[in-house]
Amino acid sequence: MELLAGAHSSVAITIPSTRRLHEQGYRERAALNPIELDYVRVKGLVLLDDRHFNSGRVVRTQELRRRFHVNPLKKNARYYMSRGKLGVSRGLHNEQEVINFLELQGFVTLVPEDETAHSLLQKLCGADICIGLEGSALLHAAMAMPEGSTIMAIQPPHRFTTVVKIYADAANVKYAFTVGEGKPENFIMPIERLGKILCLVENAG
């Protein structure tokens with residue numbers, strides 16, 4: 001939304017809030033620094049209908065990706081995105097088994113809470129495939145990975161959401177998913193199934 005202020009030759013303002021872990025780094029990269037105010041009197045307001053992922057939001061998503069782009073440390077890299085300890089647990093009981101399998105396939109494990117925004121961008125801007133549990137951590141990938149690359153989400157068996165796919169579509173990044181098995185608080189990702197989905201992704205080019 002802050003990009004819209006610039007498009008209308010206006011100043012972006014917001015209320016003071018606690019910033020998320022990587023927010024400041026991304027803001028600096030994107031040159032987004034709104035004025036924070038507890039109280040303000042406004043002479044005139046423009047009401048913007050920004051519901052759903054409309055064409056305007058697609059354009060703004062692409063602009064943010066352009067601003068976030070950095071020269072990657074490595075091209076055609078493969079990453080597994082772990083939710084770490086700060087993210088809400090998704091209950092993947094055999095995550096270490098998943099990591100071990102993926103490392104044999106050339107994947108490197110990324111834990112966002114151990115990275116800065118810049119170091120995440122350096123890695124993900126060169127990623128060919130990024131696999132991770134469904135959730136907001138995969139948005140790091142959607143906002144940085146090159147066009148034509150692939151995000152693959154591991155979905156818990158008790159819930160299904162494709163919010164990340166919306167951003168991936170806007171970025172011309174492919175989206176794949178697979179679903180785990182078991183109870184919501186303690187499910188597993190069958191390695192054989194993961195391997196088959198990965199093979200499909202690789203063969204899809």
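Arg27 is buried, with a relative accessible area of 15%, where buried means under 20% relative accessible area, exposed means over 50%, and partly exposed covers what lies in between, for a 1.4 Å probe and protein chains only. The model is a predicted one, in which local features need pLDDT of at least 70 and side-chain atom pairs count only at pLDDT 80 or more, while totals for chains, interfaces and linings use all residues. Residues are numbered from 1 along each chain as its sequence is written, and side-chain values use heavy atoms, with hydrogens and water left out.

Arg27 takes part in a salt bridge with Glu2, in which the closest N and O atoms are 2.8 Å apart; a salt bridge is a side-chain nitrogen of Lys or Arg within 4 Å of a carboxyl oxygen of Asp or Glu. Because Glu2 lies in helix H1 and Arg27 in helix H2, the pair ties together parts that are 25 residues apart in sequence. Helices (H or I, at least four residues) and strands (E, at least two) are DSSP runs, numbered from the N terminus. Side chains of opposite charge can pair when their charged atoms come close.

A search of the whole structure finds 11 salt bridges. Another of them joins the side chains of Glu202 and Arg78, at 2.4 Å from N to O. Glu202 lies in helix H8 (residues 191–203) and Arg78 in strand S3, so this pair ties together parts that are 124 residues apart in sequence. Glu202 is partly exposed, at 38% relative accessibility, whereas Arg78 is buried, with a relative accessible area of 18%. In a further salt bridge, between Glu115 and Lys123, the closest N and O atoms are 3.2 Å apart. Here Glu115 is buried, with a relative accessible area of 17%, and Lys123 is buried as well, at 18%. Salt bridges that share partners also join Glu2, Glu23 and Arg27 into one network.

On a 1 Å grid over the protein atoms alone, a pocket is an open set of points where a 1.4 Å probe fits, with protein on both sides within 12 Å along at least five of seven lines, and lining residues have an atom within 4 Å of a point. The volume of the largest pocket is about 1400 Å³, a volume being the space filled by probe spheres set on the points, which are joined across faces, edges and corners. At least two lining residues are supplied by each of helix H1 (2–7), helix H2 (23–30), H3 and helix H6 (138–142), and the largest share, five residues, comes from H3. By class, the lining of the largest pocket divides into 16 nonpolar, seven polar and nine charged residues; Ala, Val, Leu, Ile, Met, Phe, Trp, Tyr, Cys and Pro count as nonpolar, Asp, Glu, Lys and Arg as charged, and the others, Gly among them, as polar.

The second largest pocket holds about 480 Å³ of space. Its lining has 14 residues, of which Ala5, Ser10, Val11, Leu45 and Val46 lie nearest its centre, and H1 gives the most to that lining, with three residues. The lining of the second largest pocket comprises 10 nonpolar, three polar and one charged residues.

Leu45, named above in that lining, sits in the loop between strand S2 (35–36) and helix H3 (55–68), and Leu45 is exposed, with a relative accessible area of 76%. Together with Val11, Ile13, Ile35, Val40 and Val42, Leu45 makes a nonpolar surface patch of about 560 Å². Such patches are made of residues with over 30% relative accessible area and no salt bridge, nonpolar side chains (Val, Leu, Ile, Met, Phe, Trp, Tyr) being joined within 5 Å and like charges within 9 Å. Accessible areas come from the Shrake-Rupley method with a 1.4 Å probe, and for residues only the protein chains shown count as cover.

The remaining details concern the backbone in loops. Ala31, in the loop between H2 and S2, has a positive phi of about 55° although it is not a glycine, and Ala31 is exposed, with a relative accessible area of 57%. Asn76, placed in the loop between H3 and strand S3 (77–81), likewise has a positive phi, of about 60°, without being a glycine, and at 62% relative accessibility Asn76 counts as exposed. Gly148 belongs to the loop between H6 and strand S6 (150–155) and is partly exposed, with a relative accessible area of 38%. The C-alpha atom of Gly148 is separated by 9.7 Å from that of Ile129, 19 residues away along the chain.
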